[in-house]
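Here are some notes to read alongside the structure, for someone opening it for the first time. Have a look around before you start on the points.

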Amino acid sequence: MPAIALIENFLQALVAGVLMGSLYGMMCVGLGLIFGIMRVINFAQGEFLMLGMYVTLYIVTGLGLTSFLGPYVGPFAGAILAGPVLMVGGYLLHRYLVSRVTGVRALGAESEGHYAQLILTLGVALVLQNGGLILFGSTPQSVRTPLSSSAWEIGLPFDEFAAVFVNQARVVSAVISVAATGALYWFITRARLGKALRAAADNPEAAIYMGIDVDRAHRIAFGIGTGVTAIAGGLVATYYPFQPYVGLDFVIIMYAGVVLGGMGSITGAFWGGMTIGLVQQLSALVLPFQLQNVAIFVVFLLIVLVRPQGLYGRSVERT
Amino acid sequence: MSALGGRGRVATSLAAIAVFTLVYAVGSAFVTNKYYQLMLTLVPIWAVMGLSWNILSGYAGLVSFGHAAFFGLGAYTVTLLLVHLDLTPWIGIPIGMMVGAVAAAAIGLPTFRLRGHYFALSMLAYPLALLYVFEWLGYQEVALPMKRTDAGWYMQFSDYHVYIGVALVMLVVALLVSLAVERSRFGMALLAIKQNEPAAEAAGIDTLRWKMRAIVLSGALAALAGGLYAVVLLVVTPQTVFGMLTSAQALVVTLFGGVGTMWGPVIGASILIPLSETLQAHLGNVIPGIQGVVYGLAIIFVILVAPEGVLWRVRDRLRRRDPATERDAHPAPPSASTRPIRHARPAEAGPPVLEVSDLSKSFGGLKAVEAVSFTVPAGSILGIIGPNGAGKTTLFNLLNGFSRPDGGRVVFQGRDLVGLKPNHICRLGVGRTFQVVRAFGRMSMLQNVVCGALVASRSDAEAVRIANGALEQVGLAARADASASTLSTKELRLMELARAVASRPRLLLLDETLAGLGRQEIEEMIELIRSLASDGTTVVIIEHTMHAMVRLAERLLVLDHGRVLTSGVPSEVTRDPAVIEAYLGKKWMTAGAAG
């Protein structure tokens, strides 16, 4: 019955879209945090994702996580551990490079140093990509877990042969993504340090007068943003073969998600990423495989053109 | 700095272009190594690409991450025309440029609704969408067919020097186009848009039209670079022409060399392209990836040393060493040639210039302006007062077109202004200043005022003349060359006033022009506004300084919570108990009683 097959396909794509979207959402949250707090367009975010994948790989294989945590928990624990490692990396990168052209130092510069910051992060991206090539080689890698190739089969009530397959690795990834996003949201809205970060974002000058170390706030935000994206990278690595140039595959998705979410909003960024995931998977139902990403861009442009402040953002403008 | 570039500076630039071209051509004539010849061809191609990006993103400040869209369309147009229709690139490249221009118009029109980062990132989507579309169409890798006969007709030369020559000619074309933009009201308008778009719009600059022109020109130039790239490389893939690295390359060569100047992309390309190609050739085989690392490090290093590009950095260095070349003084035209702005003196309480009826605007649940009606007779001064948040500035935004009212009419000289854009309203004769001065910070005072004069003038020279006249009128002629970022509050207010006056308005909307001024300065400003009004300009002014307002305005309009509380001559209004309660407070009443 074609109608049932249609529904089955739709539900399958919907489930895949939600799982994928959660992961994209988490990537976007990392980038969105950096953008929201310091108004920096970080072109190296895709490379942080890539580093997250490799760090996960080396934690899992090098430290032998799988041997004492087992093949099920090991890879995911590795991904989560990649977070703090890259958080330190991001913190230091900001401390020694990015802060020189952004934040307090760039307040007076032309267009507040946007040009310098763009090209700086492009340079960082180039170094990380090609440095990765030297360090890790170009052979595609993956972090294997038995869950990657096992799925739950959920029967549909209206037909005994119809079923939706749910990949177990992706479910675990999605759960971790949602949990991490939730934790970050709590941190930003409730924790003292998170409030300081928001104050620094809202009005850097006023924040300085209130005794907030804005540069430090930026460093922390940059570190956390990097770490969150790295965890997302580690999770992606459980099902997606990667090489040092893998960042380019995702950086556009991240930016599209953040813009859709209304730049600067954490929950917005998550829903932006979710939207991208859903569009990507659902468009596969009607479009040829190669045009999946075109669908993302078309939907992205349509939404942004109709709502310039983003799907989940609010418009604030004053003359 | 001259306002629109004097003739002498244009001649210097032309000479510089000629010298550069000559040196480059002669220098490359001695290069026989094929690899270096290719490199010497790529430098002008990427310089053209950088110049293209610079017109939109450097001059107008609309950073684009998607210039690969135009580059790729140019490359594929040339390639596909040659493959399918056997059409020579000599014709294919111009057609490609047209495709690039049309695509730019189609992309610009919707995307210019977005601002800042949103615009920049949305531009990313276009080339990437095109990339997948071209892959899907089956153009993964298209080679340009080799032509054995009539090779020159197909732009296939056995002597590589010809390629260098062709690329160089195209670079010269792009440089001349950039020069023409830089030294005309086109460049002036783009610069104003970059520095303060609302102010540009209020000064009568049709921002959307100039932005559209910029992107169309930019798209055509990028397509030129792309078309030539295809001809030289002989093979096109979606990744190489639409990929993110192509967009990034345009940005990198320009930012590296210097933004907003035509030599920036040329310098950037001349340093970076040889650097990356040489690294690729010498290190690429030893350790794959090392060239990318070195290239990336070089970019990082330079940007830390010179955040605004190599050219600006070097220029600043030279200027510091030799103060004589600091600024080329602008020869102020003789004041005799400046016409004071003077309209016919209207009769007392003449016909209304402005009739506002039932004007309303709400933001969400907040009624910012509610059913406001008033008329302003020609040549009079109307003062608008009211507590903070009474809707005064919102009212101005409705009058000059920044926001659209929910209801009501604004009739200016018999014409309904509702729905018109600010630049249109300015051209009809409504000038405006802002509560927080909106200066074009990187321009001189004169240039700021010239931006306002563009609408009132046919030629650029006339604009400069009008601007000088307006500066003289506000008493700032002596400071015409001072950079706007160095001015005092009073000078800023006066400059903004001069900019508004330079558009030859019949109606001036002044938003808290006296704010932040000292007692003596206020007196001078009042005198100035009075003299403007006596010359026939009608003035509507928002002000908090009650003492000044009472003496300046002929009538007062009191707003509170978006509504008209009362209106009338100052002496009556200030005695109105409702006004006293809402705005002036008890202190005024006792002071008034005492006085």
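This is a predicted model: local features need pLDDT of at least 70, side-chain atom pairs count only at pLDDT 80 or more; totals for chains, interfaces and linings use all residues.

The numbered points below go through confidence, a helix pair, a domain contact and a sheet.

1. For chain A the mean pLDDT comes out at 84, with 93% of the residues at 70 or more. Among the elements of chain A, helix H2 (residues 45-62) has the highest mean pLDDT, 92, while helix H7 (residues 204-209) has the lowest, 79. Keep an eye on residues 315-319 of chain A, where the pLDDT is below 50. Beyond near neighbours in sequence, that stretch has six contacts in the model.

2. Staying with chain A, find helix H3 (residues 65-96) and helix H8 (residues 214-236). Their axes come within 6 Å and cross at roughly 145°. The crossing of H3(A) with H8(A) is right-handed. As for what sits in the contact of H3(A) with H8(A), you'll find 14 nonpolar residues, eleven polar ones and two charged ones.

3. Over to chain B, which is split into domain 1 (7-243) and domain 2 (348-594). The C-alpha centres of these two domains of chain B are 44 Å apart. Where they touch, domain 1 of chain B puts in 18 residues and domain 2 of chain B puts in 21.

4. Which elements give two or more residues to the side of domain 1 of chain B that touches domain 2 of chain B? They are helix H7 (185-195) and helix H8 (197-202) of chain B. H7(B) supplies the largest share of that side, six residues.

5. Now for a sheet in chain B: four strands in the order E4-E3-E6-E7, open, with antiparallel pairing. Strands E4 (366-377) and E7 (415-416) of chain B are at the edges with a single partner strand each, so one side of each has no neighbour in the sheet.

6. Zoom in on E4(B) and its antiparallel partner, strand E3 (residues 352-363) of chain B: eight bridges join the two. If you want a spot to check by eye, B:Pro352 stands opposite B:Pro377 in E4(B).

7. Last one: what lies across E3, E4 and strand E6 (407-412) of chain B? That is helix H15 (residues 392-399) of chain B, and H15 runs at about 65° to E4(B).

How values were computed: Residues are numbered from 1 along each chain as its sequence is written. Chains are lettered from A and ligands numbered from 1 in the order in which they are written. Axes are lines fitted to C-alpha atoms, for helices over the stretch in contact, and angles run from 0 to 180 degrees between N-to-C directions. A crossing is left-handed if the near helix is turned anticlockwise from the far one by less than a right angle, and right-handed if clockwise. Ala, Val, Leu, Ile, Met, Phe, Trp, Tyr, Cys and Pro count as nonpolar, Asp, Glu, Lys and Arg as charged, and the others, Gly among them, as polar. Domain bounds come from an automatic or database domain assignment. Two residues are in contact if their C-beta atoms, placed from the backbone, lie within 7 Å. Two strands pair if DSSP finds at least two bridges between them. pLDDT is the predictor's confidence in each residue, from 0 to 100.
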